[in-house]
Amino acid sequence: MNWFPLQRFTVYGNSMLPTLKPGQDVLVWCWFYKLKVGDIVAIKINVKEMIKRVRQMSSDRGAFVQGDNEKESTDSRNFGWINKKDIIGKVIWP
Amino acid sequence: MKFINLLLKLLPAKPVFAHCDIPCGIYDPQSSQLASQTVLKMVQKLKELQKPQEDKGWMDYKNSMIRMILTKEQHAETCKREILILWTDYFKAEHLEKFPDLHTLVWQTTKLCSDNKRVVDEAKAQELIEAVDKIADIFNQTKK
């Protein structure tokens, strides 16, 4: 768990267009949050931090995430379901 | 809003990636289609190759034959590689749902690439072209 509940990230790439643009800052809440379908989350895939939207939830498998710009996104359609432990937090701003 | 601005100023920014691994639009079945057509062309040229009447023509004959076989071999390999790139990096589960025969089609096409290395057979080369064209057609439909 992070020492501070909020983290600031800067978005790189097009996969969350039109919701999030490259260069835009987001604030991510990392402590005790409840996720639901439609939330945007920061996740960690191997060593890389990514930002995607939750499309499906499952109690045993975690979350299935996708980019809003489906044609330009590498997401759960490629790397499968995300474990809960790989979710850094939930985007609370903007 | 002021509080948000303060937070944005105070918190260090880390990059978070929203991009695909490779910029989109670089996947294209055309290279595999060209490779499959080259395989057929080489088979046809090999079949047409005339044995020399005189001894002095043998070197050129062998040279041409080896070059054609080598080109056929290389293009069959290129074709297989390009199809496998589409299979592993481009096609997604949703495409398989929409085109349930895709798995078998890719499997048969890559096997046809290997077959075409092994033999000099016009029918097999034609079969490869048709299989690659089917994959290209599916690819184009997913782009609509």
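Let's start with the salt bridges: over all chains, this structure holds 14 of them. Keep in mind that we are looking at a predicted model. I'll take a few of those bridges in turn, then the two chains, then the surface.

Take R8(A) and D25(A). Their side chains meet in a salt bridge, with N to O at 3.1 Å. R8(A) sits in strand 1 of chain A, residues 6–12, and D25(A) sits in strand 2, residues 25–29, so the pair ties together parts 17 residues apart in sequence. Are these two residues buried or exposed? R8(A) is buried, and D25(A) is buried too.

Next, R53(A). Its salt-bridge partner is D68(A), and the closest N and O atoms are 2.8 Å apart. Here again distant parts of the chain are linked. R53(A) belongs to strand 4 of chain A, residues 48–58. D68(A) belongs to the loop between strand 5 and helix 1 of chain A. The two are 15 residues apart.

Now R55(A). It forms a salt bridge with E70(A), and the closest N and O atoms are 3.2 Å apart. R55(A) is in strand 4 of chain A, while E70(A) is in the loop between strand 5 and helix 1 of chain A. This pair, too, is 15 residues apart and links distant parts of the chain. How much of each residue is accessible? R55(A) has a relative accessible area of 29%, so it is partly exposed. E70(A) is at 35%, so it also counts as partly exposed.

One more item on this topic. K36(A), D39(A) and K90(A) are linked in a network of salt bridges.

Let's step back to chain A as a whole. How many helices and strands does chain A have? One helix and six strands. Read along the sequence, the pattern is β-β-β-β-β-α-β. Chain A has 94 residues, and buried residues make up 51% of them.

What about confidence? Chain A averages a pLDDT of 87, and 99% of its residues score at least 70. Which element of chain A has the lowest mean pLDDT? That is helix 1, residues 76–79, with 84. The highest belongs to strand 5, residues 62–66, with 92.

Some backbone details in chain A deserve a look. Start with the prolines. L17(A) and P18(A) are joined by a cis peptide bond, with omega about 0°. You will find P18(A) in the loop between strand 1 and strand 2 of chain A. The peptide bond from W93(A) to P94(A) is cis as well, with omega near 5°. P94(A) is in the segment after strand 6 of chain A, which spans 87–93.

Then there is F32(A). This residue is not a glycine, yet its phi is positive, about 20°. Where is F32(A) found? In the loop between strand 2 and strand 3 of chain A, with strand 3 covering 40–45. Its relative accessible area is 72%, so F32(A) is exposed.

On to chain B. It has six helices and one strand. Along the sequence, chain B reads α-β-α-α-α-α-α. Of its 144 residues, 36% are buried.

First, a nonpolar one. F3(B), L6(B) and L10(B) make a nonpolar surface patch of about 350 Å². L6(B) is found in helix 1 of chain B, residues 2–10. Why does L6(B) count as partly exposed? Because its relative accessibility is 46%, and partly exposed runs between the under 20% of buried and the over 50% of exposed.

The other patch is negative. Its members are E48(B), D121(B), E122(B), E127(B), E130(B), D133(B) and D137(B). Which element gives the most to the negative patch? Helix 6 of chain B, residues 122–142, with five residues. D121(B) comes from elsewhere: the loop between helix 5, 102–118, and helix 6 of chain B. With 30% relative accessibility, D121(B) counts as partly exposed.

In chain A, find the buried pair R8(A) and D25(A). Then find the cis bond between L17(A) and P18(A). In chain B, go to helix 6 and its five residues in the negative patch. Thanks, that's my tour.

How values were computed:
Residues numbered from 1 in each chain as written. Chains lettered and ligands numbered in written order. Predicted model: local features only at pLDDT ≥ 70, side-chain atom pairs only at ≥ 80, totals over all residues. Heavy atoms only, no water. Patch = residues over 30% accessible without salt bridge, like charges linked within 9 Å, V, L, I, M, F, W, Y side chains within 5 Å. Areas by Shrake-Rupley, 256 points an atom, 1.4 Å probe, with all protein chains shown as cover. Salt bridge = Lys/Arg side-chain N within 4 Å of Asp/Glu carboxyl O. Lys, Arg positive; Asp, Glu negative; His and termini not counted. Charge placed at Lys NZ, Arg CZ, Asp CG, Glu CD. Helix = DSSP H or I, 4+ residues; strand = E, 2+ residues; numbered from the N terminus. Buried < 20%, exposed > 50% of the residue type's maximum accessible area, 1.4 Å probe, protein only. pLDDT = per-residue confidence, 0-100.
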